Amino acid sequence: MVNIRVPATSANLGPGFDALGLALTLHDEVEAELTGPGVEVTVEGEGAGELDLGEGHLIVKAMRKAFDRMGMAQPEGIRLRCRNRIPHARGLGSSSAAICAGILAARALGTGQLTDDEVFALATEMEGHPDNVAPCLAGGLTIAWTQHGGSPRMVKLVPDARIRPVVLVPATRLSTEAARGLLPKDVPHKDASFNAGRSALLIAALTQRPERGLLLAATEDRLHQDYRAPAMRASADLVERLRAVGVPAVVSGAGPTILAFSTSDSQDLIAPEVGNDWHIQLMDVDPDGANVQVPETR
């Protein structure tokens, strides 16, 4: 048996579209083992009663992909016990967490070899982009990109200890595919230039100067949030209200969850703007990312 713990993640962080990601202290836990014939999956928490409990489960798919990538024969059976805390289809990286958990479980249980770079590459291949899988695997604040030739790469940074993410989760859902479908194929050059500057400023603010005014400027975006707003009107309106009172707030990933950066002088500004339809969670940054534990045999 192997135990895997994987964090929720927030991608984009405003201007860093498809590049920046942050690991959060909200985790899914998976117990995985290879068994006799058949697939058995149990799910507690988020997704219980909704998810496929057989070969269609995303963790099972990721394990199968990893076994193939390691050149192994597929095991006769897989048993999973999933304790899910990451909300699904809310922009908090639930699919990335499942993919990373499955690949890491297969690496721990298998007889083949996968390097960390190969784990990252396979997770990116399955997810379609690296911005969520990077912080899920590495923890902290990550910058991810795809180099010439198609291989994903990442750099991990350590956010300032004063950074406190606040996650505002609505009851409604929105799929990443639906959100991406609203983006235009081309954007004005001035908007791309604007976001490049804000992304650089955001790295400085998150790692060196987490001042509310600097974070507010650094989280401005012109590449994706306005285009997606019609699909998550309540989220867009709340982001606007929070920013109007000085809270650095953005849409988390593809939404509709909102991520706000709480500073010592902004914590009391958030709650008055949030209605009863939102679940507020104050978190920390997960510094370590995915964790793999193989229980000792006796």
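**How I read it.** I am working with a predicted model, in which local features need pLDDT of at least 70, side-chain atom pairs count only at pLDDT 80 or more, and totals for chains, interfaces and linings use all residues. Residues are numbered from 1 along each chain as its sequence is written, and side-chain values use heavy atoms, with hydrogens and water left out.

**Largest pocket.** I looked up the space in the largest pocket and found about 720 Å³ (a volume is the space filled by probe spheres set on grid points joined across faces, edges and corners). A pocket here is an open set of points on a 1 Å grid over the protein atoms alone, where a 1.4 Å probe fits and protein lies on both sides within 12 Å along at least five of seven lines; lining residues have an atom within 4 Å of a point. Its lining has 41 residues, and Gly-93, Ser-94, Ser-95, Glu-127 and Thr-176 lie nearest the centre. H2 gives the largest share, 5 residues (helices are DSSP runs of H or I with at least four residues, strands runs of E with at least two, numbered from the N terminus). By class I noted 16 nonpolar, 15 polar and 10 charged residues in this lining (Ala, Val, Leu, Ile, Met, Phe, Trp, Tyr, Cys and Pro count as nonpolar, Asp, Glu, Lys and Arg as charged, and the others, Gly among them, as polar).

**Second largest pocket.** For the second largest pocket I noted about 320 Å³ of space. Of its 17 lining residues, Asp-221, Gln-225, Asp-226, Val-239 and Arg-243 are the closest to its centre. H9 supplies the largest share of this lining, 6 residues, and the lining divides into 7 nonpolar, 3 polar and 7 charged residues.

**H1 and H2.** The axes of H1 and H2 come within 7 Å and cross at roughly 45° (axes are lines fitted to C-alpha atoms, for helices over the stretch in contact, with angles from 0 to 180 degrees between N-to-C directions). That makes H1 oblique to H2 (under 35 degrees counts as roughly parallel, over 145 as roughly antiparallel, 65 to 115 as roughly perpendicular and the rest as oblique). By class, their contact (heavy atoms within 4.5 Å) has 13 nonpolar, 2 polar and no charged residues.

**H1 and H3.** The axes of H1 and H3 come within 11 Å and cross at roughly 130°, and H1 and H3 are therefore oblique to each other. The residues of this contact divide into 5 nonpolar, no polar and 4 charged.
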